[in-house]
Amino acid sequence: MARSGFSGVGAWLREGVWAIPLRRYLALLVTAALVTGIGFAVRSLAHDDRSCAAGVVRPADSDECVGVSATDYSFGRPQLADTIRAIDRENDSLTSGKDGYVTVALFEPFTATDADNLGDVLHELQGAYLAQWKVNHDANGEGPPIRLVLANPGRTGAYWEHTVDQLERMTTTSDRLRAVTGIGLSTEENTLAVKELTKRGIPVVGTSITADSLANGQQGNPQGLKPFPGLARTAPTNTDEARALASFAKVAADKAVLVYDDPGDPYTLTLQASFEKLLTGSRYQPWPFTPLADRTKEGTTANDFRQIRELVCDTAPGVNTILFAGRHTQLRQFINALGERGCQQREFTILTGDDASYLTGDRKLDPEALKHGISVRYSALAHPDAWLKNPPKTGGSAADAQDLNELLSAAQANKTAKSDRPAPIGTIDLEDGQLIVAYDAMRLTVEGIREATPHGQSAPTLADVGDEWTLIKGSSGRVNGASGWICLDNYGNPYDKAVPIVELTPDRHARFVEIAWPTGRPPEKDCLPPS
């Protein structure tokens, strides 16, 4: 009994003294581990990783990936991937460091969702790459080499501040950013971005911006003659485009009417102002339409145009020209409405600006409207046929245009991506002119960088690059672009730039008509802007 009792006491001691506290201790450990694990999981879930790729993030209020990319990241747009890989391959071949490359950023809405805008981005991307490859491989010992990075302010440009801040930081690092090119659309967001970039001393070269309000040297600009110091442009202003259109079409005020975007954006407002000057003395007030703020959306403007087409039919028999100051989505709606007008026996010509180039890819355009008395002609920024047949003796040349064609052919034939020729860049489409002007803008950018680089040094200052724009002129200083000569005035605007007049065909092609000139004739051989 005693032995049995002692065993019971021993069992109690083992249970009470050792086992119970041990189990409690283990339970506490397990509980602590679970709490720690849950806390870690909660913190992991709470910490939302906003990165998309190196240099590219999703802002707190958006799922868009914005910022500056120097890798092969294609912003979730498969159609851009071939060209971005080609750029990345070229960048990887360059040497960084004190005697290495300088960087140029292409500023475009790489996350665009609208098919027309995304096509524009693709073509400008392709043009910038081909120019990068050419200036690096045909440099004949001239430097510095050019690295190309992609700056995305977002689909609508809403995150331009984030991207501009990032670009500014790159001017003081080993990136050695020395210029920004692109800025394809004349929008409020791009205007703010260019204003801030140039305010911070970063030179900018616009590709297809045409708004007078996004240019220096314009008398009507309330901010003075140089609101954007360091800005240069490849494309003529809307005023120059309108002058070229007028010299081509011989617009008569008593035979034309104006249809315009109210309240307008920088592009449409300056186009409207230019057209109004042509219509001084017109017998009719202009007719407005009101689109959504995002002019790529349909909105209810089709209703406006159904009413305006009746007003068109009510005009005097001699009226045969309609000047249209609006974006391409609204232009397409207007063309479709006119195709169903009651006065089918009357013929009308619509004259408008370069935004009409988007209609070559717009499947919502009614081809029947263009078969029955409606013609659409617009001032294009460039056209692949402009310099092929009987080109003017000055203002550009077939040889300059052929240089780009040869690069395109080499890229398309380079199936294995050999390094001695441009890499493949996907499907090519030159009709909208965007690839051509982006190629020219990149070449203009590099011309400024290289001319500003002091002898014996590997990189210029930002200020010296911006100062170069006033010297891009003359028989030896101009840029012989594929779109024509680029001779800049003292405000960075191209002087008497070639303006191809293009007609939209029923099968949605852009048929080249002829080259027109803002001054009414090609520039002289010296290509020196007058005082």
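**Basis.** I number residues from 1 along each chain as its sequence is written. The model is predicted, local features need pLDDT of at least 70 and side-chain atom pairs count only at pLDDT 80 or more, whereas totals for chains, interfaces and linings use all residues; side-chain values use heavy atoms, with hydrogens and water left out.

**Disulfides.** I searched the whole structure and found three disulfides, a disulfide being a pair of cysteine sulfur atoms within 2.5 Å. Cys52 and Cys65 have their sulfur atoms 2.1 Å apart, and their link is left-handed, with -80° about the S-S bond. I place Cys52 in strand 1 and Cys65 in the loop between strand 2 and strand 3; helices (H or I, at least four residues) and strands (E, at least two) are DSSP runs, numbered from the N terminus. Cys52 is partly exposed at 23% relative accessible area, while Cys65 is buried at 12%; buried means under 20%, exposed over 50% and partly exposed in between (1.4 Å probe, protein chains only).

For Cys313 and Cys343 I noted a sulfur separation of 2.0 Å and again -80° about the S-S bond, a left-handed link. Both Cys313 and Cys343 are buried.

Cys487 and Cys527 are joined at an S to S distance of 1.7 Å. The torsion about their S-S bond is about 105°, so this disulfide is right-handed. The pair ties together parts that are 40 residues apart in sequence.

**Strand 13.** I checked residues 374-379 and found five of the six buried, so strand 13 is largely enclosed by the rest of the structure. Strand 12 runs parallel to strand 13 and is joined to it by five bridges; strands pair if DSSP finds at least two bridges between them. Strand 16 pairs with strand 13 in the antiparallel sense over four bridges. Tyr378 stands opposite Thr352, and Val376 opposite Leu504.

**Cavities.** My search of the whole structure gave two cavities of 30 Å³ or more. The largest holds about 80 Å³ of space, and its lining includes Asp120, Arg327, Asp354 and Asp355. On a 1 Å grid over the protein atoms alone, a cavity is a set of points where a 1.4 Å probe fits but cannot get out, and lining residues have an atom within 4 Å of a point. A volume is the space filled by probe spheres set on the points, which are joined across faces, edges and corners. The second largest cavity has a volume of about 60 Å³, and helix 10 gives the largest share of its lining, three residues.

Key: On a 1 Å grid over the protein atoms alone, a cavity is a set of points where a 1.4 Å probe fits but cannot get out, and a pocket is an open set with protein on both sides within 12 Å along at least five of seven lines; lining residues have an atom within 4 Å of a point.
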